[in-house]
Amino acid sequence: MGKVQDFRCVECNEKASELHRDYSHGILKITICESCQKPVDKYIEYDPVIILIDAILCKTQAFRHILFNTSLTIHWKLCVFCLLCEAYLRWSLLDSSEQSSDPADLIRYTKEWEFYGMFALASLELSAFCGGVLLFVWLVVVGLQRKSVEPAFLLKALLLSCYGKVLLIPTVIWEHDYSPLCLALIKLFVLTSNSQAIRVILNSSRRLSLLSIGVGLLSETCVAQACSSLPWGFRDLLSL
């Protein structure tokens, strides 16, 4: 039987045994935090749209509600969907840069494998990013600060906080002159969400979370550069 995750107060991050108390006949009373004397989780009464808006605004309370006080198990499905979005973006940019004049060059077959290749590359870069973050956190938090960290829980937080990548699809569909700026802003938003997720999980300073993101981004960049500098190039390998 797995370990039950403790609830957390969204205001002060103190542990709580329950979010509300059910008195009978459907009467619920929100639990008050013993530390800050505020409701443990005010979001249990909020509409999901309000929670999503607060999460988009990177509010700490909304992140604590989502990560600690809910039982979301869609992080792997969300991860695959975000990778598909990123792969589609890369594939569409690759496709727009090519103008083939030969009608009998097996275009469909080639482009299909190019999309699979972009998906594999995006997966590899995401793995490098998450691996870099986890390694840095383990070295600093566990090795130096002697604190305990649940790698699986931190990985779940990182994957959930990548939800901003779904914005890549409308950017590609409604292509315009400001698309590069939009893509840069989406990347910045995703990294900001990642940083906030790390900060909430570790209950750490903003500096530590930003350093973790920096190490992860460096790992991702190194993997991308290594793939692009292969002897035949990544795209040529896909067509072999």
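Predicted model: local features only at pLDDT ≥ 70, side-chain atom pairs only at ≥ 80, totals over all residues.
The largest share of the lining of the largest cavity, three residues, comes from helix α3 (residues 75-96), where a helix is a DSSP run of H or I with at least four residues, numbered from the N terminus. Residues are numbered from 1 along each chain as its sequence is written, and side-chain values use heavy atoms, with hydrogens and water left out.

Let me stay with the cavity. A cavity here is a set of points, on a 1 Å grid over the protein atoms alone, where a 1.4 Å probe fits but cannot get out, and its lining residues have an atom within 4 Å of a point. The structure holds one cavity of 30 Å³ or more, and the largest has a volume of about 30 Å³, a volume being the space filled by probe spheres set on the points, which are joined across faces, edges and corners. Its lining consists of C79, C82, L83, L126, L159, C162 and K165. By class, six of these are nonpolar, none polar and one charged, where Ala, Val, Leu, Ile, Met, Phe, Trp, Tyr, Cys and Pro count as nonpolar, Asp, Glu, Lys and Arg as charged, and the others, Gly among them, as polar.

Now to the helix pairs. Two packed helices are described by the angle between their axes and the distance between the axes. The axes are lines fitted to C-alpha atoms, for helices over the stretch in contact, and angles run from 0 to 180 degrees between N-to-C directions.

Helix α7 (residues 179-202) packs against helix α8 (residues 206-228) at an angle of about 130°, with the axes 9 Å apart. That makes α7 oblique to α8, because angles under 35 degrees count as roughly parallel, over 145 as roughly antiparallel, 65 to 115 as roughly perpendicular and the rest as oblique.

How does helix α5 (residues 151-160) lie against α7, in angle and distance? Their axes come within 8 Å and cross at roughly 150°, and the two are therefore roughly antiparallel to each other. Here F153, L154, A157 and L158 in α5 meet N194, A197, I198 and I201 in α7, and these residues divide into seven nonpolar, one polar and no charged.

Finally, helix α1 (residues 48-56) and helix α2 (residues 60-68) pack at about 115°, with their axes 8 Å apart.

How values were computed: 1 Å grid on protein atoms, 1.4 Å probe; cavity = no way out; pocket = protein on both sides within 12 Å on 5 of 7 lines; lining within 4 Å. Contact = heavy atoms within 4.5 Å.
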